[in-house]
Amino acid sequence: MGEVGTWAALACVGVVVLLMGGGQFPARRARLLFAGGGGVGHGPPRWPWQWSAWPRWWRAGPGVEWWAPVAGLVLGMLGGSLLPVVAGAAGMPVVRRIRRAREARRRRERRAAEVIALCGALAGEVRAGRQPGDALRCVARHCDGLGTAHAAVLAAARFGGDIPGELAGAARQPGAEGLLGLSACWRVSVDQGAGLAAGLDRLDAALRAQRDRRADLRAQLAGARATALMLAGLPVAGLLLGTALGADPLHVLLHTGPGLVCLAVGLALEGAGLWWALRIVRRAEAA
């Protein structure tokens, strides 16, 4: 056993050295070094044991929805029943939908922040003396707030197209609603000769104030959301407590008639209560 442990330690050290070295052999590294920093070939090789060589979907890791069937399988093995396995498989689409909704909300917030940064940077460029079209091209090149309409807006700014129309079209994306104000400021400054920088400053201040109000409201509602989730987890704590006391609640819930009835009613009430509490929170946020 001691010899096996020694060989295992040596193998681990070898793997660490290969990973830290980027999977490059010394001879190739020397050729790249003397060739002027990568002039030979197409860069360092990507070996199968390198993390960057693995598929992107594997590097991203499994989604949180995969924990639902895993939890159902574990409960099914502990309780000796197929009901938790079926429930875990059925809950997987629900968890996936929740995860995607959360990711969409994060993308919307990130795009809203990019729009605010775009308005502030554009106001600074215009105030510095740049023409509006040149300023928009310079700022939009390093900003992701335009989303899928990025190329269309840049083309309109470069070739004298309908910039306000393209900005209004880009504002249809979730989180980019602030581009409607930018489109209006641009149209007013072109049609009536008003100062674009002053309008952008007011728009930037208004968008920042709206973002701060939304963040403050979300912080105030965080306690209610946490309370609802904590109350939703109390039945699990009750099952663990009953198991610790030797009552075997899983057997009662999964293998007896009254237990199955209590399980069905409890799950229905749990889902309805959680949905109602989160609905109240979402309506407050939307208001």
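This text goes through the pockets of the structure and then its salt bridges. The model is predicted, so local features need pLDDT of at least 70 and side-chain atom pairs count only at pLDDT 80 or more, while totals for chains, interfaces and linings use all residues. Residues are numbered from 1 along each chain as its sequence is written, and side-chain values use heavy atoms, with hydrogens and water left out.

A pocket here is an open set of points on a 1 Å grid over the protein atoms alone, where a 1.4 Å probe fits, with protein on both sides within 12 Å along at least five of seven lines; lining residues have an atom within 4 Å of a point. The largest pocket has a volume of about 2400 Å³ (the space filled by probe spheres set on the points, which are joined across faces, edges and corners). Its lining has 49 residues, and those nearest its centre are Val94, Val95, Ile98, Ala232 and Leu274. Two or more lining residues come from each of α4 (67–79), α5 (83–127), α10 (196–232), α11 (234–244), α12 (249–255) and α13 (257–286). Helices are DSSP runs (H or I, at least four residues), numbered from the N terminus. Helix α5 gives the largest share of this lining, 16 residues. By type, the lining holds 30 nonpolar residues (Ala, Val, Leu, Ile, Met, Phe, Trp, Tyr, Cys and Pro), 12 charged (Asp, Glu, Lys and Arg) and seven polar (the others, Gly among them).

The second largest pocket has a volume of about 460 Å³. Of its 19 lining residues, Arg108, Ala112, Glu177, Gln210 and Arg214 are the closest to its centre. Helix α5 again provides the largest share, with seven residues. This lining divides into seven nonpolar, three polar and nine charged residues.

The structure also holds seven salt bridges, each a side-chain nitrogen of Lys or Arg within 4 Å of a carboxyl oxygen of Asp or Glu. One of them joins Arg99 and Glu103 at 2.9 Å, N to O. These two residues are four apart in helix α5, which means that about one helical turn separates them. In helix α10, Arg208 pairs with Asp204, their closest N and O atoms being 3.0 Å apart; here too the partners are four residues apart, so about one helical turn lies between them. Asp204 is buried (under 20% relative accessible area; exposed is over 50%, partly exposed in between, with a 1.4 Å probe and protein chains only), at 13%. Arg208 is partly exposed, at 34%. Salt bridges with shared partners join Arg105, Glu109 and Arg218 into one network.
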